[in-house]
Amino acid sequence: MKRLIQGYQEFRKRRWPMERRRYEEAAKGQKPEYLIIACSDSRSDPATVFGGRPGEFFLVRNIAALVPPHDATNGVYGTRAAISFAVMALNVRNILVMGHAQCGGIAAAIAPESARDIPYVNDWVELAKPAIAHAHNHGDNTEVEREAVKLSVRRLLEYPFIAERVKAGNLQVDGARFGIANGVLEVLDQKTGAFEPVKTKRFGFF
């Protein structure tokens, strides 16, 4: 708790004065334009990667950034409830599924024995099994990480309330994968299925 208190004190000293008006405005009601579905992994925080400001992103984080099928019947309601709230109540304009490199959840999906002593994990990462089956090399974590993002994007587009908004041009669904070691963000080209690194002004392509 000591570390958290120190972080809060630093926040109040440095960031709060700069962001106070945004927080005051956000207190009247949230109006995020983006829903970001990301992994719970401590190394891939979307707010940090995308320079988030108060009230800008509605975040859903779970192991491996997985989206359950819209008609799943095995009780995985938390992520689906957050998705429906973001789309139907908050009217977000963009949904991003952000996977990442060195994902432990994907590693557990590939090798379930690695998480057999951790309750609930293997039940959850079963959602990634179709991504493993679709990968050319079923044991290649990087390939499966990318396939898992594609899978979650496809599943989102099968949610009826998402599909109708996408068709009307009111909602966009995207996928990406963040490289922890090199900081590179790869964005999914849904036409080709390829992941292309985002070009940065300073460094160009990596």
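Analyst: Buried here means under 20% relative accessible area, exposed means over 50%, and partly exposed lies in between, computed with a 1.4 Å probe on protein chains only. This is a predicted model, in which local features need pLDDT of at least 70 and side-chain atom pairs count only at pLDDT 80 or more, while totals for chains, interfaces and linings use all residues. Residues are numbered from 1 along each chain as its sequence is written, and side-chain values use heavy atoms, with hydrogens and water left out.

Rings of Phe, Tyr and Trp (its six-membered ring) pair if their centres lie within 6.5 Å, and planes under 30 degrees apart count as stacked, over 60 as edge-to-face and the rest as tilted. By this rule there are 8 aromatic pairs. In one of them, the ring centres of tyrosine 8 and phenylalanine 11 are 6.4 Å apart with the planes at 35°, so this pair is tilted. Both residues belong to helix α1 (residues 2–26), where 3 residues, about one turn of the helix, separate them; helices are DSSP runs of H or I with at least four residues, strands are runs of E with at least two, and both are numbered from the N terminus. Tyrosine 8 is partly exposed at a relative accessible area of 46%, and phenylalanine 11 is partly exposed at 25%.

Tyrosine 34 and phenylalanine 57 make an edge-to-face pair, 5.9 Å centre to centre with 85° between the planes. This pair links distant parts of the chain, with tyrosine 34 in strand β1 (residues 34–39) and phenylalanine 57 in strand β2 (residues 57–62), 23 residues apart. Tyrosine 34 is partly exposed, at 33% relative accessible area, whereas phenylalanine 57 is buried, at 17%. Finally, Tyr8, Phe11, Trp16 and Tyr23 form one aromatic cluster.
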